[in-house]
Amino acid sequence: MISSKLPKIFYGGDYNPEQWDAETHREDLRMFKLAGIDIATVNVFAWALNQPDEATYNFEWLDELIDSLHANGTYVCLATSTAAHPAWMAKRYPDVLRTDADGRKRKFGGRHNSCPNSLTYRKYAVRIAEKLAQRYKDHPAVIVWHVSNEFGGDCYCDNCEKAFRVWLRERYGSLDKLNHAWNTNFWGHTFYDWDEIVLPNNLSEHWGENNSTFQGISLDYSRFNSDSMLECYKLEHAVIKKNIPDSVITTNLMGFFKQLDYFKWAKELDIVSWDNYPGLQTPVSYTAMAHDLMRGLKNGDPFMLMEQTPSQQNWQPYNSLKRPGVMRLWSYQAVAHGADTVMFFQLRRSVGACEKYHGAVIEHVGHEHTRVFREVSELGRELGELGDRLLDSRLPAKVGILFDWENWWAVEKSSGPTVALNYVDQIHKYYKAFYDRNIQVDIVSVESDFNAYDIVVAPVLYMVKPGVADKLTNFVSGGGTFLTTFFSGIVDESDRVKTGGYPGELRKLLGIWVEETDALFPDMRNRIVVNGEFGSLSGSYECGMLCDLLHTEGAETLAEYGDDFYKGMPVLTRNAVGEGQAYYVASDPEPAFIDGLLERLCADKGVLPLLNTPEGVEVTRRVKDGEEFLFVMNHNADPSTYELDGRYTNLLNGDALGGSAVIAGRDVQILSPAK
Amino acid sequence: MISSKLPKIFYGGDYNPEQWDAETHREDLRMFKLAGIDIATVNVFAWALNQPDEATYNFEWLDELIDSLHANGTYVCLATSTAAHPAWMAKRYPDVLRTDADGRKRKFGGRHNSCPNSLTYRKYAVRIAEKLAQRYKDHPAVIVWHVSNEFGGDCYCDNCEKAFRVWLRERYGSLDKLNHAWNTNFWGHTFYDWDEIVLPNNLSEHWGENNSTFQGISLDYSRFNSDSMLECYKLEHAVIKKNIPDSVITTNLMGFFKQLDYFKWAKELDIVSWDNYPGLQTPVSYTAMAHDLMRGLKNGDPFMLMEQTPSQQNWQPYNSLKRPGVMRLWSYQAVAHGADTVMFFQLRRSVGACEKYHGAVIEHVGHEHTRVFREVSELGRELGELGDRLLDSRLPAKVGILFDWENWWAVEKSSGPTVALNYVDQIHKYYKAFYDRNIQVDIVSVESDFNAYDIVVAPVLYMVKPGVADKLTNFVSGGGTFLTTFFSGIVDESDRVKTGGYPGELRKLLGIWVEETDALFPDMRNRIVVNGEFGSLSGSYECGMLCDLLHTEGAETLAEYGDDFYKGMPVLTRNAVGEGQAYYVASDPEPAFIDGLLERLCADKGVLPLLNTPEGVEVTRRVKDGEEFLFVMNHNADPSTYELDGRYTNLLNGDALGGSAVIAGRDVQILSPAK
Amino acid sequence: MISSKLPKIFYGGDYNPEQWDAETHREDLRMFKLAGIDIATVNVFAWALNQPDEATYNFEWLDELIDSLHANGTYVCLATSTAAHPAWMAKRYPDVLRTDADGRKRKFGGRHNSCPNSLTYRKYAVRIAEKLAQRYKDHPAVIVWHVSNEFGGDCYCDNCEKAFRVWLRERYGSLDKLNHAWNTNFWGHTFYDWDEIVLPNNLSEHWGENNSTFQGISLDYSRFNSDSMLECYKLEHAVIKKNIPDSVITTNLMGFFKQLDYFKWAKELDIVSWDNYPGLQTPVSYTAMAHDLMRGLKNGDPFMLMEQTPSQQNWQPYNSLKRPGVMRLWSYQAVAHGADTVMFFQLRRSVGACEKYHGAVIEHVGHEHTRVFREVSELGRELGELGDRLLDSRLPAKVGILFDWENWWAVEKSSGPTVALNYVDQIHKYYKAFYDRNIQVDIVSVESDFNAYDIVVAPVLYMVKPGVADKLTNFVSGGGTFLTTFFSGIVDESDRVKTGGYPGELRKLLGIWVEETDALFPDMRNRIVVNGEFGSLSGSYECGMLCDLLHTEGAETLAEYGDDFYKGMPVLTRNAVGEGQAYYVASDPEPAFIDGLLERLCADKGVLPLLNTPEGVEVTRRVKDGEEFLFVMNHNADPSTYELDGRYTNLLNGDALGGSAVIAGRDVQILSPAK
């Protein structure tokens with residue numbers, strides 16, 4: 001959508017010149033030119049500057065800033081500045097301050113500091129968003145609107161408590177339904193009046209990070225909190241749209257960020273944007289998965305890479321430098337997964353407060369003769385040359401991995417059977433097996449059209465929402481391959497167990513009954529013994545954490561447990577339903593087992609790797625108007641060799657490739673089939 | 001006492017049908033019959049249901065429930081439902097809510113949530129207990145009354161603070177005595193007015209779990225808190241007794257539960273009952289010790305096993321399944337140590353809130369065709385066949401191990417000499433040495449009659465209360481064998497050090513003077529070098545944690561330290577007093593040393609093992625009217641063999657045994673001497 | 001200064017007879033005589049006793065105490081008793097209670113419990129200090145005044161918040177300057193009114209121990225808090241001085257105690273005194289460094305060792321006994337580093353509350369026949385014989401190590417680049433290299449005269465205050481050797497980065513530009529590869545944690561990185577400036593590298609070891625009126641041998657030594673050149 005503004009990948013990032021003088025700003029503009037920077041995100045944290053008191057607004061500095069950027073050929077992503085309220089507001093209207101999970105009223109400080117249900121906050125946030133919209137609606141430099149910044153956190157103040165009760169009334173209609181959903185006859189929690197309900201926090205139902213005595217209440221609070229923040233976003237969004245109907249509005253998301261249900265949020269975003277902060281030890285497959293999640297939020301639409309560091313972070317325990325070439329490599333990884341912008345936090349480093357040791361395009365030294373600036377400029381030049389060829393292209397996938405925020409909340413608040421279960425890790429384990437084989441994956445929601453895929457994988461589908469079991473059954477009946485794993489099909493959307501035998505609504509589809517689930521201590525393992533051979537699988541593999549004890553009810557047993565009193569019980573099953581097949585993995589296997597299993601499932605469906613490459617060489621494919629682009633990325637420090645069928649041109653340097661191709665360490669190739 | 005109601009071991013558990021519909025309840029009754037279940041604990045958490053507001057009580061559902069159970073042949077253990085107050089009460093009378101150790105007023109939520117000194121809570125708790133007593137006093141199904149549930153927790157609200165001052169006035173009479181007891185001239189804490197005294201918590205004298213700047217204040221708070229909860233129990237107990245003089249009233253205890261002084265509580269219970277929740281890695285000797293503690297609370301009277309899981313817990317980090325046979329094995333272990341009931345939490349699993357992954361007799365699948373239900377039914381059949389033969393039988397012991405809650409509180413609040421000292425672990429180390437030899441032990445209090453025993457062991461008798469030293473001296477003079485260990489005899493009941501040389505009042509009895517105590521770092525060890533041979537002990541053994549540096553004053557040195565600057569000082573001494581002997585172990589030895597030491601002490605007193613069995617095979621002995629029952633329990637997964645003197649019949653299957661006997665893995669035998 | 005009172009090293013310690021009866025006190029006096037004790041610190045925690053209510057003061061007990069000590073020949077260090085307020089004061093004037101970093105108002109309890117900005121506290125503290133001064137100003141026994149005790153802690157109450165704003169107005173004059181210093185345009189923190197500023201704590205800018213979103217605010221709070229406590233000290237100091245102009249006033253410091261800027265405090269102390277509590281595993285070099293810091297506070301003036309334990313502490317996790325001889329050894333170590341007193345906490349052990357397991361001269365047993373008392377008496381006799389020979393002697397040093405409290409605060413509050421950086425550990429690493437070679441070191445402040453030294457070492461000089469770079473440049477130009485390390489020269493006194501290239505103001509002096517800083521994970525290492533040989537250094541050494549990537553600008557490269565993408569970049573540089581040289585160590589090396597490096601620097605400047613001794617044998621040198629005293633201390637348990645040039649007499653036993661000298665395990669020799 002923003003591709004109409006400039007026929008190339010936007011390149012730039014966060015820029016806060018209000019922290020410096022005019023001379024520094026002029027120097028910045030010069031260096032933007034040097035680096036090929038054509039977009040700057042401004043006004044992110046300038047609320048206090050824009051509005052020094054209740055009655056006064058002051059945008060002259062911003063006028064000058066935007067004009068000077070425009071004159072320099074730099075477009076503007078204009079933030080609404082509402083991510084941190086001014087100190088005077090906290091002083092005069094304490095209701096804008098949050099109350100934390102321990103019931104402590106906070107004071108002014110930090111950011112993400114506004115109660116999302118504060119009417120004062122909402123009033124002033126909407127007001128300044130409108131003033132900005134009215135002031136800059138016709139400014140040719142402003143091409144994207146950026147509401148607030150990295151929404152997150154939670155609040156437990158009295159206003160939130162009251163709002164929670166209203167939210168519950170809307171959800172349940174009656175206390176009878178609420179009491180049923182929450183099973184309140186347990187521990188005598190029956191509510192007779194809406195006002196008896198209190199927020200679940202460390203003073204009521206919670207303790208520690210993941211412990212609740214009433215998961216149903218906690219789950220609804222998570223929904224409510226996500227909705228409360230979303231409401232803040234929507235209020236600003238609406239007032240900007242009212243003034244600028246064709247505006248492009250976003251807010252920067254954060255990948256696998258637990259607190260906010262981004263599938264719900266994405267519906268309100270004109271374009272998804274996100275901030276990508278992997279560390280030196282983050283698996284590159286994890287970053288790839290996060291990009292795919294962000295792309296999946298709006299069904300495959302390209303997204304903005306809103307922030308990444310050019311070099312170093314400051315908030316990790318150990319903030320390693322990005323090795324030479326890695327900034328470029330990871331920038332292209334974003335593009336390879338659907339990004340149509342490459343943007344940084346930050347264009348110039350601040351000199352005071354907590355982000356002064358976060359990398360920037362322009363470092364504290366202030367000039368262009370740095371490794372970081374050279375790498376940024378080189379990439380700027382390259383992106384300029386790429387032009388618009390990749391813009392708006394999409395990534396076709398035959399595999400969908402199901403991800404669900406509410407499932408995430410529910411499964412990790414569960415009291416029992418194990419504290420070791422981490423939902424995103426389970427998603428990543430299966431994702432990585434596809435990733436390692438260069439098989440493109442979409443991360444999909446329960447609302448997605450499964451029939452667009454050959455294979456749908458749903459690790460730990462603990463919560464089965466209304467209609468999902470039917471959708472999956474239809475998918476399989478129509479020929480699809482479905483795979484799910486242990487501790488699935490347990491609860492409904494209120495975290496109430498579906499009685500009548502696990503995995504509940506999935507029982508028939510999977511053709512199994514799970515009678516019990518054993519939790520293993522961290523040093524305990526069981527074994528998966530394959531019956532004969534299954535694809536490349538044979539012999540035995542380790543498994544652990546949880547072991548479902550199951551009986552087949554129509555499904556075929558492909559592997560059995562090798563140890564303990566449930567030795568011989570099925571651990572991998574396959575059920576034929578209609579034209580398709582439904583698999584169940586009853587424990588948490590070692591990666592080699594998942595690799596072999598998914599290799600076989602893909603082979604059965606004719607889902608083939610984009611390319612066969614050595615370990616560490618990632619491949620994705622974007623397609624636009626029938627033209628395809630193969631991204632080959634070497635995450636190794638050393639060169640690698642792979643085989644190409646046919647002839648290609650590397651768009652980044654014009655080289656012709658074919659047959660045995662070599663890619664340098666940390667290099668990227670964008671291959672277009674030779675005409 | 002409850003044995004008069006039914007001539008067999010009661011079998012059943014917690015049952016909360018208020019969470020389901022009538023059809024489910026009918027199905028439950030059918031399955032109770034299948035499983036041989038004849039008792040259900042009901043109404044545990046139904047206060048909000050029974051009393052929807054201040055003025056209204058509603059017991060119709062309970063009438064129907066109890067009637068239907070009665071019609072089904074199921075007896076009722078009737079709870080008073082006061083373990084969690086209703087939400088409306090918290091809303092209307094916030095004084096019922098607790099204030100935590102950080103001074104935070106809690107909101108409605110969880111359970112164990114009522115301030116024990118709230119007059120509102122007490123008023124309504126007594127009122128509902130009385131209404132229940134009046135309503136069901138003549139119901140033939142109701143055979144046990146169950147006050148509240150698992151009393152515990154603490155409160156630091158203003159009402160508790162005021163009550164604490166009153167409690168202190170009663171204890172001390174004058175501020176002079178209190179100032180002396182607490183040694184308040186230390187750090188200028190002198191109190192001139194009762195109202196200057198505040199509760200010791202994280203805002204005043206405490207930090208972390210076990211740290212206090214004034215141990216005397218903390219100790220009194222622990223006493224006060226235990227007494228406050230006990231007062232709640234007693235109020236309910238009194239009002240039930242008033243209405244039903246011959247009622248049997250209990251509350252479910254929790255084994256080694258630190259907060260409540262169960263020896264004091266037990267005096268107010270008509271029968272002791274407790275909840276036994278070992279995990280997969282809990283030593284079976286620890287469970288045995290907990291049973292013996294519960295039996296010891298009322299001087300050996302049989303007790304109720306009120307709760308255990310049929311399969312799995314939910315609140316452990318890793319909730320393993322009980323392996324096949326283990327539920328039966330551990331049920332009989334309870335009986336073997338004095339239980340006259342076998343009861344579960346829970347008869348049917350809830351579908352919502354935090355215990356839905358806790359095992360139950362009737363699982364979420366809802367039918368009887370599960371491993372768990374089969375094992376429960378099989379045990380139910382067996383218990384039915386056993387009839388009343390074991391009921392009211394007792395366990396004769398010649399060894400007493402002294403345990404004292406106030407000592408526990410004091411020793412672990414101590415600032416120095418080491419944080420590594422865990423009182424219950426020390427008790428268990430000595431208990432296990434007897435356990436491993438099948439020598440029956442009573443856990444006794446400082447008020448017990450020591451003369452009933454040949455041997456009394458008191459590990460870490462840090463606090464010596466008034467009269468205890470004399471009682472022990474009389475016991476030894478009369479021929480008894482007494483053993484105590486390092487860091488004993490240090491303080492009086494106010495945690496004031498007894499000056500004049502450690503071990504204070506025990507100095508003369510033990511014939512030693514402890515000059516200093518060295519604390520070892522976790523990786524440091526010393527050695528115990530035995531002088532020649534002592535029983536099977538010879539050579540050297542490791543010791544650590546604390547090392548008393550002592551001088552004998554009449555005692556004989558049996559072993560010396562082997563290392564460090566106190567090499568050659570005594571570490572094991574024996575003092576002859578009258579007809580008996582008093583031993584002192586000056587450090588924390590490795591188990592082999594304790595084994596050899598106690599073997600010798602037993603041999604000297606002619607205290608013999610019930611049977612000699614291989615490791616993992618436990619033996620206890622119950623006796624009734626001259627008839628004896630030997631329980632042989634194989635905790636190993638594989639069969640074991642042991643030798644029998646004489647001929648026996650296994651009551652569980654009628655088999656005759658004698659000479660070399662075999663017991664299957666995880667099997668139990670109840671041996672009666674062949675007539 | 002106090003040496004005029006008694007021609008010997010004062011020997012004694014804290015004494016609290018208010019916890020016992022008169023008979024015990026008489027017995028204590030007898031034992032003081034036995035032990036050679038001639039000073040007692042009294043009245044430390046007796047405020048509640050002295051002032052039982054607002055209007056009443058009661059000093060009779062103190063009159064009697066001081067008189068009886070005097071009659072016994074025991075001098076008095078008289079404390080003002082204000083380290084813990086009375087319970088009645090907390091009850092009547094809650095403003096004396098502190099509010100903690102979580103915003104929780106504390107209740108009465110513990111010690112260090114008064115808000116330093118409470119006007120009530122200050123009023124009553126000054127009043128009692130004045131009453132004491134007036135009452136005892138002419139008492140011949142009272143020779144030192146001891147204000148409060150171990151000042152420390154912090155407070156976040158409303159009074160402190162208001163006082164902070166006043167403090168800020170005085171520091172900055174205008175909000176513009178404050179906004180600039182704190183860089184408040186970051187995250188929209190601009191302040192428009194002083195009253196908008198709140199204290200930085202866990203409710204505003206902080207979380208955890210070392211995390212802040214605004215380091216500038218946090219830094220100012222640390223200054224303010226140190227100043228607030230200092231103000232309390234000064235108020236008491238002033239009122240005592242007003243009444244007793246020639247009084248000697250101190251308060252006991254605590255070595256490397258982070259919260260208080262002792263360089264600033266020392267200006268207000270007539271003599272420095274401190275409490276030395278090493279544990280069994282504290283490196284002896286660390287204790288030596290702490291003594292040197294305390295001596296450095298007043299430019300080398302001798303100090304008082306106010307507290308040490310004769311045997312054992314109580315507040316460590318594992319409180320080991322001081323091994324035989326260690327109390328004497330560590331007492332002399334204090335003297336060897338500048339102490340002119342040897343004092344203990346405590347003369348008699350309390351029987352109740354949290355210090356009853358802290359060692360004392362008189363133990364709970366109450367008599368003199370203990371190892372501890374024997375060792376104390378032996379040392380008392382020895383100190384008596386030493387007389388005044390050592391008093392007022394000083395320790396000449398040619399090496400200064402720069403230490404700065406504000407740098408400490410700033411560097412550890414830094415967000416990035418690593419959490420592993422511990423300032424004091426870095427100081428200790430370099431200190432230890434000198435210590436191991438018996439090269440005497442002064443710990444100096446940024447205000448010290450660097451020209452008094454041949455070598456100045458300033459590890460991690462992160463914050464460069466105004467004028468310091470010039471002072472260092474002058475020092476080097478004049479021939480001095482300067483060494484600093486990675487992450488230096490980064491910020492100014494407001495924690496604002498000095499732009500234009502690291503290390504900021506030190507860039508020219510060092511002749512380098514640091515372009516980037518890599519943070520290594522704990523398991524990562526790089527290598528320092530020496531170019532050829534440098535002193536005894538050659539080959540390669542490990543380094544880690546942080547690695548500056550630097551370019552020389554005039555400096556010579558002495559060693560390069562051996563690994564990673566910055567292999568070959570300089571890691572050790574030397575810059576010639578005027579007559580001197582400035583070294584930079586760009587990473588955190590293994591100790592062997594630092595040893596070799598400092599050996600070479602010392603050799604170049606002709607700075608020689610006092611003696612060459614085996615590992616574990618420490619040597620220092622005190623000098624008075626041209627007479628020198630060599631302290632030789634053997635920290636090993638076994639005897640050691642070392643070589644002496646010339647003939648000496650051991651003052652402790654009169655032995656003549658020369659040539660090959662032997663020192664027994666844990667022994668001390670004080671060598672005076674034979675005349």
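Visitor: What area is buried between chain C and chain A, and what percentage of it do carbon and sulfur atoms give?

Guide: The model shown here is predicted. Between chain C and chain A, about 4,700 Å² is buried, and carbon and sulfur atoms give 56% of that area. Three residues stand out on the side of chain C: C:W187, C:L203 and C:F521 supply 16% of the area that chain C buries against chain A, more than any other three residues. In terms of residues, 57 of chain C are in contact with 49 of chain A.

The polar side of this interface may be considered next. There are 32 residue pairs in polar contact between chain C and chain A, counting pairs with both residues at pLDDT 80 or more. The two chains also share six salt bridges. One of these joins the side chains of A:R104 and C:D102, with a distance of 2.7 Å from N to O.

As to the elements involved, α6 (158-172) and β16 (512-519) of chain C each supply at least two residues of the side that touches chain A. The most comes from β16(C), with six residues. By class, this side of chain C has 25 nonpolar, 18 polar and 14 charged residues.

Methods
Residues numbered from 1 in each chain as written. Chains lettered and ligands numbered in written order. Predicted model: local features only at pLDDT ≥ 70, side-chain atom pairs only at ≥ 80, totals over all residues. Heavy atoms only, no water. Contact = heavy atoms within 4.5 Å. Buried area = accessible area lost by both parts, 1.4 Å probe. Salt bridge = Lys/Arg side-chain N within 4 Å of Asp/Glu carboxyl O. Polar contact = N/O pair within 3.5 Å; in protein donor to acceptor, adjacent residues only side chain to side chain. Helix = DSSP H or I, 4+ residues; strand = E, 2+ residues; numbered from the N terminus. Nonpolar A, V, L, I, M, F, W, Y, C, P; charged D, E, K, R; others polar.
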